[in-house]
Amino acid sequence: MTPPLLSPQQVKAAIRDGRELALLDLREERAFSDQGHLLFAAPAPLSRLELVIDALVPRRGARIILTDGDGSLVGRGAVVLARLGYTEVSVLAGGTQAWAAAGFEVFIGTNVPSKAFGEVVELEAGTPHLSAAEVARLQAEGRNLVVLDSRPMAEFRDMSIPGGIDCPGAELVHRARQAAPDPETLVVVNCAGRTRSIIGAQSLINARLPNRVAALENGTMGWEFAGLTLAHDETRTVPPPKPEMLTWAREAAADLARRAGVRSVSLDGLAQFRAETDSRTLFAFDVRSPDEYRAGHMPSTRSAPGGQLVQSTDHYVGTLGARIVLVDAEDVRALVTASWLVQMGWTDVFVLEGGITGPLETGPEPRSVPGLGDLRPDWIDTAELQVASAEGSIAVFDIGSSRAFRAGHIPGAWFTTRARLVDAVAAHAAGAQTIVVTADDVALAMLGAGDIQGHGRRVRPLLGGNAAWRGANLATEKGAARLLAEDDVWLAPAQFPPEQQETEKRRYIQWELDLPAQIARDGDARFRVLQPV
């Protein structure tokens, strides 16, 4: 069945008509970023489509428009979605090349709606900032200030401002008074670049924290541009607030939510939303930390720490116009996060009254991979693979991550993306009697093996994937030999070779600064920035 072809003008109209819409780009992550995409396109690589589709588009009857660079992937994507039960799938004819030829904006980079929103917030709300040199001077003078890093702990541990304390985005209003009980303390908020610094600082300003608040201009990148040295392997974090500090946070968050127009929903109302999911898409997010989520969460809620949800909406919410319900335990983080989503233009955002309640589930977020249960894998384990590799009758294809492959892989393995696996096997495994497919994600290896079954040779996914090979302490090799693709992983500026990093960081900062003008030309964003009182 051939999916309907839509012109760029028809897709533009669909984006603006107010109905639910999932706009999915099927290219690999780095191709999506570097080659450019539509503003509200969510990255859904064809190679991983089954792995991400339930999270991005949980409703099978949702309207979906597929896109790519030139129209070469959308047909295959439509076949996958039809097999999984999606009923309203169409494609952008000619991909982003046709979109650009029609005179519409093409955006490079990742998390563009969120990044652009941060820049617009700074311009419209007048978010104050301090340069790295100024903050370093104040620190050296022993001034009364605290630096709060609004990133998750893993990023903070990797690199941070000396003396900084980790306090991820949604935790700022929750814990700021605990971090700075003296109203005379200057609070400086930073991230790696700009967005989370701006949103974090403005969160505290919008919540009417009595302290002076400023964003660190250009974050840790700005610190390096100033010739200053970053700290590494730090683990300091702001502790949970004491009762009197929590009282302030609750009152501040409630007032902020009221001014932003955040709505609440009762437990019965949420149940009604769930009963209507055949006709309206629902996303229910637990905005607490991942550790709190694993310790106990309400069934059918997904983990989405509030700061990261605002930072990367396109990775969490793949359906424009959907209902979003946020839950937390203290009526702080959900309210602050909701205030930002409303300002970003999400119109149906709710906070669950009473917070976390009822029977709870523990452990990580449940994962659904449609179609996986239809596969009957012919597993090979590491011991058998080691013997077969020595005999030379086998070809191994890793379809996980090109970055991880460079760092260490099964000796003799080829790397390709799943979407290119059939062609790679034809080109590079002519003499092999058995094809082994592996990945860091075992589900991906199973899907890849399923793609090439029936081509006349035995196809076997590696039981346990690459982790099993490493866990058996078997030899690995590093480097790019037999690397057939590397457009699957977007690299942050700090992940480039050292000699390229400063150039990439400066390019990244300029890209962020240029986004508001491009947003204005595009015309589809509906940002509604709350003005400080």
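# Burial and packing in a predicted model

Mentor: Glutamate 119 has 2% relative accessibility and counts as buried.

Trainee: Why is glutamate 119 called buried?

Mentor: Buried means under 20% relative accessible area, exposed over 50%, partly exposed in between (1.4 Å probe, protein chains only). Glutamate 119 is at 2%, so it counts as buried. This is a predicted model in which local features need pLDDT of at least 70 and side-chain atom pairs count only at pLDDT 80 or more, while totals for chains, interfaces and linings use all residues. Residues are numbered from 1 along each chain as its sequence is written, and side-chain values use heavy atoms, with hydrogens and water left out.

Trainee: Where is glutamate 119, and which residues does glutamate 119 touch?

Mentor: Glutamate 119 lies in helix H6; helices (H or I, at least four residues) and strands (E, at least two) are DSSP runs, numbered from the N terminus. Leaving aside residues up to four places away in sequence, glutamate 119 touches Arg194, Ile198, Glu512, Leu513 and Pro516. Contact means heavy atoms within 4.5 Å.

Trainee: Which residues of H6 and H23 meet?

Mentor: From H6, Val112, Lys115, Ala116, Glu119, Val120 and Leu123 meet Tyr508, Trp511, Glu512, Leu513, Leu515, Pro516 and Ile519 of H23.

Trainee: How do you know that the buried residues of H4 line one face of the helix?

Mentor: In H4 (residues 74-83), Val74, Gly77, Ala78, Val80 and Leu81 are buried. Seen down the axis, they fall within an arc of 160 degrees, so they line one face of H4. The arc is that of the directions from the helix axis to the C-beta atoms. On the other side of H4, Ala82 and Arg83 are exposed.

Trainee: What covers the buried residues of H4?

Mentor: The cover includes helix H3 (49-56), E4 and E5. After H4 comes glycine 85, with a positive phi near 100 degrees.
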